[in-house]
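Dear colleague,

Please find below the structure that I am handing over to you. My notes on it follow.

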Amino acid sequence: MAIITTVFVWLVSIADAIVYGVISFFLMILILFAFATAGPDDYWAEGGMPLPTATKAQPID
């Protein structure tokens, strides 16, 4: 009985590894697709806010 349990645990751990690998593969594809289809106004680093086109700083004379 112990051999059957050991084989079952071994097969389940292999199945877990395959499932985790497939999920991470599709997650990487989803992230690549999101970056590939992003427009020029998508700034994820700025929290979704567009960057200013002109600064408000005045030069010092």
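How many aromatic pairs does a search of the whole structure find? The search finds 1 aromatic pair, formed by phenylalanine 25 and phenylalanine 26, with 5.6 Å centre to centre and 70° between the planes, hence edge-to-face. Rings of Phe, Tyr and Trp (its six-membered ring) pair if their centres lie within 6.5 Å; planes under 30 degrees apart are stacked, over 60 edge-to-face, and the rest tilted.

This is a predicted model, in which local features need pLDDT of at least 70 and side-chain atom pairs count only at pLDDT 80 or more, while totals for chains, interfaces and linings use all residues. Residues are numbered from 1 along each chain as its sequence is written, and side-chain values use heavy atoms, without hydrogens and water.

The chain has 1 helix and 0 strands (DSSP runs, numbered from the N terminus: H or I of at least four residues for helices, E of at least two for strands). Isoleucine 14 lies in helix α1, residues 2–36. Isoleucine 14 counts as partly exposed because its relative accessibility is 35% (buried is under 20%, exposed over 50%, partly exposed in between; 1.4 Å probe, protein chains only). Of the 61 residues in the chain, 0% are buried.

Yours sincerely
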